[in-house]
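Hi,

Here is the model I promised to pass on.

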Amino acid sequence: MTIGTLAQRTGFNVSAIRYYEEVGLIPPATRRPSGHRVYSPEVQEVLTLVKHCRDFGFSIEETRALVSLSTSDDRDCVEAREIAQVHLNAVRAKLTELQNLERSLSKFVQACTDQCVGGPAPKCTILKDLSLEDSQLATPGRCCG
């Protein structure tokens, strides 16, 4: 199939398919005499796997490893599990970081609502707290400490 058809079937744009070919995630296309790329149906399956890996936030290297595993009968699925577990751990750490960020931002907004909303911007508690040194920001009694 042509690169345009492959793009349509997989949801990738043509430049993404070229990139994945360039970095070795999919095998190189054969070329027609006109120079147009032609891909086998198996490439669509690989690109679907790549798309799902990317949707789940796997890096290019993790995706490369998972694609490699998908075609290796002599390798154990424990390798795929290990890649997924490492990624899950990273996602959980990022989630914790985002939850902490949410709590701090909520405190900023609430302090502004309670203390200065509607007043002059230079006196806003959010701006004052964001201007503090890190050690002062963590002081008990401060907005986000």
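Let's start in helix α4 (residues 60–70), where Glu61 and Arg64 both sit, 3 residues apart, about one turn of the helix. Helices here are DSSP runs of H or I with at least four residues, strands are runs of E with at least two, and both are numbered from the N terminus. The general rule is that an α-helix has 3.6 residues a turn, so residues three or four places apart point the same way. Glu61 and Arg64 form a salt bridge, with 3.3 Å between the closest N and O atoms. By salt bridge I mean a side-chain nitrogen of Lys or Arg within 4 Å of a carboxyl oxygen of Asp or Glu. Arg64 is partly exposed, because its relative accessibility is 27%. For that scale, buried is under 20% relative accessible area, exposed is over 50%, and partly exposed is in between (1.4 Å probe, protein chains only).

Before going on, some housekeeping. This is a predicted model, so local features need pLDDT of at least 70 and side-chain atom pairs count only at pLDDT 80 or more, while totals for chains, interfaces and linings use all residues. Residues are numbered from 1 along each chain as its sequence is written, and side-chain values use heavy atoms, with hydrogens and water left out.

**Other salt bridges**

The count comes to 5 salt bridges. One of them joins Glu79 to Arg75, with the closest N and O atoms 2.7 Å apart. Glu79 is partly exposed at 27% relative accessible area, and Arg75 is partly exposed at 33%. Another joins Glu97 to Lys94, at 3.5 Å between the closest N and O atoms. Those two both belong to helix α5, 3 residues apart, about one turn of the helix. Glu97 is partly exposed with 48% relative accessible area, and Lys94 is partly exposed with 42%.

Together with Leu98 and Leu105, Leu101 makes a nonpolar surface patch of about 270 Å². Leu101 itself is partly exposed, at 47% relative accessibility. Patches take residues with over 30% relative accessible area and no salt bridge, joining like charges within 9 Å and nonpolar side chains (Val, Leu, Ile, Met, Phe, Trp, Tyr) within 5 Å. Areas come from the Shrake-Rupley method with a 1.4 Å probe, and for residues only the protein chains shown count as cover.

Which residues of helix α1 (residues 3–10) are buried? They are Ile3, Leu6, Ala7 and Thr10. Seen down the axis of α1, these fall within an arc of 100 degrees, so they line one face of the helix. (The arc is that of the directions from the helix axis to the C-beta atoms.) On the face turned away from that buried side, α1 carries the exposed residues Gln8 and Arg9. The buried residues of α1 pack against α2 (14–22), β2 (37–38) and α3 (41–55). After α1 comes Gly11, with a positive phi near 85 degrees.

Two of these residues got a closer look. Leu6 is buried, with a relative accessible area of 0%. Setting aside neighbours within four places in sequence, Leu6 is in contact (heavy atoms within 4.5 Å) with Met1, Ile17, Tyr39, Val43, Gln44 and Leu47. Thr10 counts as buried at 7% relative accessibility. With residues up to four places away left out, Thr10 touches Ile17, Gln44, Leu47 and Lys51. The side chain of Thr10 also reaches the backbone nitrogen of Phe12 at 3.4 Å.

In α2, the buried residues are Ala16, Ile17, Tyr20 and Glu21. Down the axis of α2 they fall within an arc of 140 degrees, so they too line one face of the helix. Their cover includes α1, β2, α3 and α4. Just after α2, Gly24 takes a positive phi of about 85 degrees.

**Back to α4**

Buried or exposed: which is Thr63? Thr63, found in helix α4, counts as buried because its relative accessibility is 0%. Residues up to four places away aside, Thr63 touches Leu25, Val50, Cys53, Arg54 and Phe58. Thr63 and Ile83 are 20 residues apart in sequence and 9.2 Å apart in space, C-alpha to C-alpha.

Cheers

Methods: A polar contact is a pair of N or O atoms within 3.5 Å; within protein, one must be able to donate a hydrogen and the other to accept it, and residues adjacent in sequence count only if both atoms are side-chain atoms.
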